[in-house]
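Please take me through this structure stop by stop. I have it open in a viewer and would like to know what to select next and what is there.

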Amino acid sequence: MSKVAIITDTNSGIMPADGEALGIIVIPTPFMIDGVEYLEGVNLTQEWFFQKLADGADVSTSQPSPGNLLELWDKVLKEYDEIVYIPLSSGLSSSCQTATMLASDDYEGKVFVVNNQRISVTMRQSVLDAIMLRDAGMSGKEIKDKLEEVKFESSIYIMLDTLYYLKKGGRITPAAAALGTLLKLKPVLQIQGEKLDAFAKARTVNQGKNIMINAMMSDIENRFGGLDAKDVHLAGAYTYDLDKANEFKSEVEAAFPGYEMHLDPLSLVVSCHIGPGALAIACSRKIHI
């Protein structure tokens, strides 16, 4: 039986130190902040990141360099027969395409890059699923195929607290941001597959929460075949405000009896575009062996 290594990055919400406990390798995501490179989970914490964001720092995201990635693969393949690499969704970053190209050049049959269109807590679940499949004796190719087979069986809704960062990043016009701020709108965005799209506009935080909960109920009922907790993972994510997130977690669990909602900080790659105070609800279909 092949010895399979699982590698992911911090866009999954799993930090390098947590990876050791899970028996996987986690690559820290690089960020450029005021011209200096920082690595998520190494010398870049959530608290410091949001402080720099509030201070108006110039923040941009990057990806692991091809050279570093190849060096890591070569090192890991001295101990393992195969690698399953789970990077950020190809719709949100070019890192997946880059890794796929590198793997096809010299690592055919050894490195399997999973393009499963996920980020944050749904990407985390893919990593946990990969561990389960590996421990069940599946090969690298079998794990890749299984994860990509169910890649669209997930859903995320995110409510923003502010439009400032979407405007700053050029994702909405200044006029739309000004109008939204004037009306105190709380936009709800949706991630299904590889795109981040507008979903609804709420006038209050409570209305926004209800929109997300009802949308998730509809997805689970209509896309995933029912509200049975044995078939669906439920998760939540947030930016910066843990107290508000825990309050939302309690409300979600009350709305979904029998479910326990895992809660993580939202990936900093998404956080830099939406700012602090955001709340998200997510689900993914459970894989049964």
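The tour below starts with the whole chain and then goes through selections one at a time.

**The whole chain**

Begin with everything displayed, and keep in mind that this is a predicted model. The protein chain has eleven helices and 13 strands. Of its 289 residues, 49% are buried. Taking contacts between residues at least 6 apart in sequence, 74% join residues at least 24 apart.

Select Leu102, which is found in helix α4, residues 95-106. Leu102 is buried, as its relative accessible area is 11% and the cut-off for buried is under 20%.

**Helices α5 and α6**

Next, show helix α5 (residues 120-135) together with helix α6 (residues 140-149). Two packed helices are described by the angle between their axes and the distance between the axes. Here the axes come within 10 Å and cross at roughly 140°. The two helices, α5 and α6, are therefore oblique to each other, and α5 passes α6 in a right-handed crossing.

Which residues in α5 and α6 meet? On the α5 side, select Ser126, Asp129, Ala130, Leu133 and Arg134; on the α6 side, select Ile143, Lys146 and Leu147. Sorted by class, this contact has four nonpolar, one polar and three charged residues.

Stay in helix α5 and select Ser120, which is found there. Most residues other than glycine have a negative phi. Ser120 has a positive phi near 60° and is a residue other than glycine. With a relative accessibility of 2%, Ser120 counts as buried.

**Aromatic pairs**

Now turn to the aromatic rings. A search of the whole structure finds eight aromatic pairs. One of them joins Tyr38 and Trp48: the ring centres are 4.9 Å apart and the planes are at 50°, so the pair is tilted. Tyr38 is in strand β4 (residues 36-39) and Trp48 is in helix α2 (residues 46-54), so to find both, look ten residues apart in the chain.

For another pair, select Phe256 and Tyr259. The centres of the Phe256 and Tyr259 rings are 5.8 Å apart with planes at 75°, so this pair is edge-to-face. Phe256 is buried, with a relative accessible area of 2%, and Tyr259 counts as buried at 7%.

**The aromatic cluster and Tyr240**

For the last stop, select Phe31, Phe49, Phe50 and Tyr240, which form one aromatic cluster. Tyr240 is found in the loop between β11 (232-238) and α10 (242-255). What is the phi of Tyr240? The value is positive, about 75°, although Tyr240 is not a glycine. At 48% relative accessibility, Tyr240 counts as partly exposed.

Technical notes: Residues are numbered from 1 along each chain as its sequence is written. This is a predicted model: local features need pLDDT of at least 70, side-chain atom pairs count only at pLDDT 80 or more; totals for chains, interfaces and linings use all residues. Side-chain values use heavy atoms; hydrogens and water are left out. Axes are lines fitted to C-alpha atoms, for helices over the stretch in contact, and angles run from 0 to 180 degrees between N-to-C directions. Helices (H or I, at least four residues) and strands (E, at least two) are DSSP runs, numbered from the N terminus. Angles under 35 degrees count as roughly parallel, over 145 as roughly antiparallel, 65 to 115 as roughly perpendicular and the rest as oblique. A crossing is left-handed if the near helix is turned anticlockwise from the far one by less than a right angle, and right-handed if clockwise. Contact means heavy atoms within 4.5 Å. Ala, Val, Leu, Ile, Met, Phe, Trp, Tyr, Cys and Pro count as nonpolar, Asp, Glu, Lys and Arg as charged, and the others, Gly among them, as polar. Rings of Phe, Tyr and Trp (its six-membered ring) pair if their centres lie within 6.5 Å; planes under 30 degrees apart count as stacked, over 60 as edge-to-face and the rest as tilted. Buried means under 20% relative accessible area, exposed over 50%, partly exposed in between (1.4 Å probe, protein chains only).
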